[in-house]
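Here are my notes on the model, point by point. Please read them with the coordinates open.

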Amino acid sequence: MDYSIKSGDCLWNIVKNNYRTKDGKELNNTQIANTVNSIAKTNNIENPNLIFAGDTLNLEAYDTFTLQSKDVDDPDDDPDADPNAGAEPTSKGEKGSKNSEPPENTGDSGNSNAVTVKYSTDSPYTEYGQWAKDIMDNAKTAGDTAYMQAKEKGFSEKKSSVKYSEAYNAAMENLPLFSVLKEGEKIEDYIESLSAYERIAQQQLEAADTVDNDSTISLKEFLLEATNSEEELHFDENELDAFVSIYNSNPDIVKYMNNGESLLQIANSHNFFDLNGDGVLDIDEIKEYYYILDASDNEVDGKIEFGSYAHWSNPGEIIDAEEKKKNYVEQYKKLHPDKFE
């Protein structure tokens, strides 16, 4: 199905409005994030956060999810290739109620639908980053392998991309949750639920507070810590100083800088979770961030879904983001009124 991008569209909303699971339910955050990546791959979109009104997207029906609006035909543009290549058309899904509750952790390793939980130990922040990286790397490896195998069989670029998407989506099913708590701990063990996020928040603060050591994370420190973990993004302090200066004075033009779009996404995340607007993140704001990730599945249990991680990695793309931030600010203000004086 061809979709004409309209002003104000983003891939997240396009997927949310047009795709359903095969049993007619709305996609959860993890499924939306996976499908966004698949559509970006199919349409050769380098940055899924950057699409343009007037362009046309090819929305595929994948093995896992079906298009809500109508079936999608997959014409055989490779008559000499295997006719079973690519995605099979699926039936039309009916809109259903949102399934926001995660499946129960059965602890039964023999059940392919069981949810496993990666419990933190003594380095929750490091383990959290590795958990997210492993999930993305594994999915990409599965997709790349399927793509290369399809190309070796003589499949077209389109069909090979579909094979990539199918393998990627399959690898993103039944993902492990990440627990900010140690095994055996429960959220109920904490007098105040936010104290459950103390360890991971403190370790993030220590990892990032490397410039002025003032027990907060400035925008520059946030950018340094984030880009140091990305192989393709490396900046010295002078480059980041220039970015921060321009971002603070005229954020609309920083996207035209070298790697500006990537830095802008990171900066917007820092700005979104700076709940009292003082330009830095302190320990309480970082704890609030992990609370928001935990509560995104409507259950505060100390466990984070990968979909929540992906969803909140770019608040600028979230529907009603500013309205949601107002609610978080009000909640935070009640807990810490002194930080708004």
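1. The sheet. Three strands form an open sheet in the order S5-S6-S9, and the pairing is mixed. Strand S5 (117-119) and strand S9 (303-304) are the edges; each has a single partner strand, so one side of each lacks a neighbour in the sheet. Two strands count as paired if DSSP finds at least two bridges between them. Helices (H or I, at least four residues) and strands (E, at least two) are DSSP runs, numbered from the N terminus.

2. Ground rules. This is a predicted model: local features need pLDDT of at least 70, side-chain atom pairs count only at pLDDT 80 or more, and totals for chains, interfaces and linings use all residues. Residues are numbered from 1 along each chain as its sequence is written, and side-chain values use heavy atoms, with hydrogens and water left out.

3. S5 and S6. Strand S6 covers residues 177-179 and runs parallel to S5, with three bridges joining them. Val-117 has Leu-177 as its bridge partner in S6.

4. The helix over the sheet. Helix H3 (residues 124-152) lies across S5, S6 and S9. Its angle to S6 is about 175°. Axes are lines fitted to C-alpha atoms, for helices over the stretch in contact, and angles run from 0 to 180 degrees between N-to-C directions.

5. Ser-161. This residue sits in helix H4 (residues 157-171). Buried or exposed? Ser-161 is buried, because its relative accessibility is 3%. The cut-offs are under 20% relative accessible area for buried and over 50% for exposed, with partly exposed in between (1.4 Å probe, protein chains only). Leaving aside residues up to four places away in sequence, Ser-161 touches Lys-41, Thr-42 and Tyr-147. Contact means heavy atoms within 4.5 Å.

6. H6 against H7. The axes of helix H6 (residues 219-228) and helix H7 (residues 237-249) come within 10 Å and cross at roughly 130°. That makes the pair oblique. Angles under 35 degrees are roughly parallel, over 145 roughly antiparallel, 65 to 115 roughly perpendicular, and the rest oblique. From H6, Leu-219, Lys-220, Leu-223 and Leu-224 take part; their partners in H7 include Phe-243, Val-244 and Tyr-247. By class, this contact has seven nonpolar, one polar and three charged residues. Nonpolar means Ala, Val, Leu, Ile, Met, Phe, Trp, Tyr, Cys and Pro; charged means Asp, Glu, Lys and Arg; the others, Gly among them, are polar.

7. Glu-341. Glu-341 lies in the segment after helix H11 (321-335). Glu-341 is exposed, at 84% relative accessible area. Asn-276 is 65 residues away in sequence, yet the C-alpha to C-alpha distance to Glu-341 is 9.6 Å.
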